[in-house]
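Welcome! Take a moment to look over the sequence and the 3D structure, and then let us walk through them together.

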Amino acid sequence: MRFYLILTSLLLSACSTLPLAFEDPHITKISYTEVNADIENNKNTLVRWGGVIADVKNDENFSWMEVIFYPLDYYGRPKINKPSEGRFVIKSPEFFDPKDYAKNREIITVGVIEGRTEHITSSDSSELPLIKATAIHLWPINYRDNYYGHCRFCYFMQLFW
């Protein structure tokens with residue numbers, strides 16, 4: 001029995017986990033569509049959203065990141081095989097190094113909805129939800145290529161999630 005307990009612990013620890021900031025119990029599970037439809041009633045709501053980086057801009061006081069929104073899977077990774085629901089903008093006092101925060105990198109953030117803001121990349125005049133980030137996590141570039149090869153248990157579990 002002890003052997004199976006140790007084996008199970010090792011298999012579960014092999015799966016990637018997020019920093020504690022992403023497990024905050026105050027995070028509201030609210031969809032992009034709900035927020036986009038009624039941004040005023042959702043201001044100051046703590047959310048955990050993710051997606052793929054579209055662009056990054058650094059100003060003197062803040063950095064801005066436009067993200068293509070994707071729903072998150074059980075582990076907090078963007079489900080890039082699902083349709084995108086839209087875009088949102090992350091605002092942070094941290095400097096976003098364009099080398100690290102490059103276009104098409106997968107990301108997850110925790111932050112408070114501040115309202116709406118203009119696109120940071122295009123001349124499109126539509127407004128996007130604005131998230132003031134409290135935590136940001138970049139997923140490794142090549143984890144999708146080798147993730148399941150290193151974690152057979154995670155591969156097995158992914159079949160059922």
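**A tour of the barrel and its core**

Val67 stands opposite Phe88 in E3. Please keep in mind that this is a predicted model.

**How the strands are arranged**

- Five strands make a closed barrel: its 5 strands run in the order E1-E2-E3-E5-E4, and the pairing is mixed.
- On average, neighbouring strands of this sheet are turned by 50 degrees against each other, if direction is ignored.
- Strand E1 (residues 46–58) pairs with E2 in the antiparallel sense over 8 bridges, and Ile53 has Val67 in E2 as its bridge partner.
- E1 and E2 form a hairpin, with 4 residues between them.
- E2 also pairs with E3, in the antiparallel sense and over 7 bridges.
- E3 and strand E5 (residues 127–138) pair in the parallel sense, over 3 bridges; here Ile90 has Ile131 in E5 as its bridge partner.

**A closer look at E2**

**Ser92, at the end of E3**

- Ser92 belongs to strand E3, which spans residues 86–92.
- Is Ser92 buried or exposed? Its relative accessibility is 2%, and because buried means under 20%, Ser92 counts as buried.
- A polar atom of the Ser92 side chain lies 3.1 Å from the backbone nitrogen of Glu94.
- Leaving aside neighbours within four places in sequence, Ser92 is in contact with Phe62, Ser63, Ala133 and Ile136.

**The nonpolar core**

- How many residues does the largest nonpolar core have? There are 24, and those with the most contacts inside this core are Trp49, Ile53, Met65, Phe88, Ile90, Tyr101 and Ile107.
- The elements that give two or more residues to this core are helix H2 (32–37), E1, E2, E3, strand E4 (106–118) and E5.
- E5 provides the largest share of this core, 5 residues.
- Tyr101 is in contact with Ile53, Val56, Met65, Phe96, Ile107, Ile136 and Leu138, again leaving aside neighbours within four places in sequence.

Conventions
Residues are numbered from 1 along each chain as its sequence is written. This is a predicted model: local features need pLDDT of at least 70, side-chain atom pairs count only at pLDDT 80 or more; totals for chains, interfaces and linings use all residues. Side-chain values use heavy atoms; hydrogens and water are left out. Buried means under 20% relative accessible area, exposed over 50%, partly exposed in between (1.4 Å probe, protein chains only). A polar contact is a pair of N or O atoms within 3.5 Å; within protein, one must be able to donate a hydrogen and the other to accept it, and residues adjacent in sequence count only if both atoms are side-chain atoms. Contact means heavy atoms within 4.5 Å. Two strands pair if DSSP finds at least two bridges between them. Axes are lines fitted to C-alpha atoms, for helices over the stretch in contact, and angles run from 0 to 180 degrees between N-to-C directions. A nonpolar core is a set of buried Ala, Val, Leu, Ile, Met, Phe, Trp, Tyr and Cys residues joined through side-chain atoms within 4.5 Å.
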